[in-house]
Amino acid sequence: MQIGTLKEIAGATVIALMLAAAGSQPAFAATDGSRAGFYGAPPQAAAAGRVIEMKRDVRWINVTQNETVAIQRGDQVFNWTFSTWTTNSFDLAQIAPAGFIEPGTVRVYVAQDPRYAGS
């Protein structure tokens, strides 16, 4: 039996990891050309930890990484889990259902998850 070189083993490991990552796409992927998946995703059967009521004068909302919230405006509501690691603010219209909010009117500010502060 022949044992592969370290270079061959490392190469095979990288290929295996790439194939595994390719098969583990998130359950939610934006198909409308938006980057909504970059900002988190609709929760997978998770209850919202809190409700953010969007009144007319709201110009920003504050959330925490990995927090699941229900965002309500009038009789419309959608749930979102903010599982983003590289973005600390973005336009709410990037993730809201069509017609929920006018683009550029409400900004989302994402605070670091305190469980990972300092890491």
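**View 1. Strands β3 and β4 run antiparallel and are joined by six bridges.** The model is predicted; local features need pLDDT of at least 70, side-chain atom pairs count only at pLDDT 80 or more, and totals for chains, interfaces and linings use all residues. Residues are numbered from 1 along each chain as its sequence is written, and side-chain values use heavy atoms, with hydrogens and water left out. Strands (E, at least two residues) are DSSP runs numbered from the N terminus, and two of them pair if DSSP finds at least two bridges between them. Strand β4 covers residues 76-81; within β4, Gln 76 is the bridge partner of Arg 73. The hairpin of β3 and β4 has two residues between the strands, and Gly 74 there takes a positive phi near 60°.

**View 2. Strand β1 runs parallel to β3.** Four bridges join β1 (residues 50-53) to β3 (residues 68-73). Val 51 stands opposite Ala 70 in β3.

**View 3. Phe 78 and Phe 100 form an edge-to-face aromatic pair.** Rings of Phe, Tyr and Trp (its six-membered ring) pair if their centres lie within 6.5 Å; planes under 30 degrees apart count as stacked, over 60 as edge-to-face and the rest as tilted. Here the values are 5.0 Å centre to centre and 90° between the planes. Phe 78 lies in β4 and Phe 100 in the loop between β5 (89-91) and β6 (107-111), 22 residues apart. Phe 78 has a relative accessible area of 9% and is buried (under 20% relative accessible area, 1.4 Å probe, protein chains only). Phe 100, at 4%, is also buried.

**View 4. Phe 82 and Phe 90 form a tilted pair.** The ring centres are 6.3 Å apart and the planes are at 35°. Both Phe 82 and Phe 90 are buried.

Conventions:
Buried means under 20% relative accessible area, exposed over 50%, partly exposed in between (1.4 Å probe, protein chains only).
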